[in-house]
Amino acid sequence: MKGVLLLGGALLAGVVLVAGARMVPQAFAASSQVERGRAVYAEACAVCHGEDGRGGAGFGNPIWGEGAQIRKFRHAAGLLEYNLMLMPFDDPTRVSDEDKLAVTAYILARHGAMEEDKALSESEAASIAIR
C-alpha cells in the first residue's frame, strides 16, 4: 500500500510539473534582423531617440510604446519609407537601406506591432498596422 501511495504521489507531482510548465509563456529568440536592428539602433539612433526609445538629446518624444510617435505612420510601410528617406537625420546615407529595414523591424518589435522572432520585408510592411 505504501508503494502505491508513493507512486501515486510521484505521478501527481509529475502532472503538476507538466501543467505548470505549460502555463509559462515560451520566450522566443529575436530574429537575426531584429538583433541587427537593435545593434544599429544603439549605434546610430539612440543618441537622438534614447536607448529606451523614450526620447534623447535630439528628439524628446517616445518612438515606441506609450505615447509613441510612430503611430502617425499607421503601417510599417510608412515608418520604413520615413526611415529610408530621412534617418539618421544628420546624414541619411550613413546607414544602409538594409540596416534601416532592420532598425524598423526592431522598433516595430519594441512597440509590439511585430513579434521579435519575425523578420520584416518591404513587401509585407504595408500589412503591419501600427497602433
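**Exercise 1. The largest pocket**

Task: In this predicted model, find how many residues line the largest pocket and which of them lie nearest its centre.

Solution. 
1. The lining of the largest pocket is made up of 26 residues. Nearest the centre are H49, Y82, N83, M87 and F89.
2. The pocket's volume is about 480 Å³.
3. Three helices, α2 (32-49), α3 and α4, each give at least two residues to the lining. The largest share comes from α2, with 7 residues.
4. Sorted by class, the lining holds 18 nonpolar, 4 polar and 4 charged residues.

**Exercise 2. Helices α2 and α4**

Task: State how the axes of α2 and α4 are placed relative to each other, and which residues make the contact.

Solution. 
1. Two packed helices are described by the angle between their axes and the distance between those axes.
2. For α2 and α4, the axes come within 7 Å and the crossing angle is roughly 100 degrees.
3. Angles of 65 to 115 degrees count as roughly perpendicular, so α2 and α4 are roughly perpendicular to each other.
4. On the α2 side the contact uses Q33, V34, R36, G37, R38, V40, Y41 and C45. On the α4 side it uses D99, L101, A102, V103, A105, Y106 and A109.
5. These contact residues divide into 10 nonpolar, 2 polar and 3 charged.

**Exercise 3. Helices α3 and α4**

Solution. 
1. Helix α3 spans residues 76-86 and helix α4 spans residues 97-111. Their axes come within 9 Å and cross at roughly 140 degrees.
2. Roughly antiparallel requires an angle over 145 degrees, and roughly perpendicular covers 65 to 115.
3. From α3, the contact residues are A76, L79, L80, N83 and L84. From α4, they are D97, K100, L101, T104, I107 and L108.
4. The classes in this contact of α3 with α4 are 7 nonpolar, 2 polar and 2 charged.

**Exercise 4. Backbone details in the loops**

Task: Locate the cis peptide bond, and say where the non-glycine residue R74 with a positive phi lies.

Solution. 
1. The cis peptide bond joins M87 and P88, with omega about -10 degrees.
2. P88 sits in the loop between α3 and α4. Its partner in the bond, M87, is also among the residues nearest the centre of the largest pocket.
3. R74 is not a glycine, yet its phi is positive, about 65 degrees.
4. R74 belongs to the loop between α2 and α3.

Key. Residues numbered from 1 in each chain as written. Predicted model: local features only at pLDDT ≥ 70, side-chain atom pairs only at ≥ 80, totals over all residues. Heavy atoms only, no water. Axes fitted to C-alpha atoms, helices over the stretch in contact; angles between N-to-C directions. Helix = DSSP H or I, 4+ residues; strand = E, 2+ residues; numbered from the N terminus. Contact = heavy atoms within 4.5 Å. Nonpolar A, V, L, I, M, F, W, Y, C, P; charged D, E, K, R; others polar. 1 Å grid on protein atoms, 1.4 Å probe; cavity = no way out; pocket = protein on both sides within 12 Å on 5 of 7 lines; lining within 4 Å. Points joined across faces, edges and corners; volume = space filled by probe spheres on them. Parallel < 35°, antiparallel > 145°, perpendicular 65-115°, else oblique.
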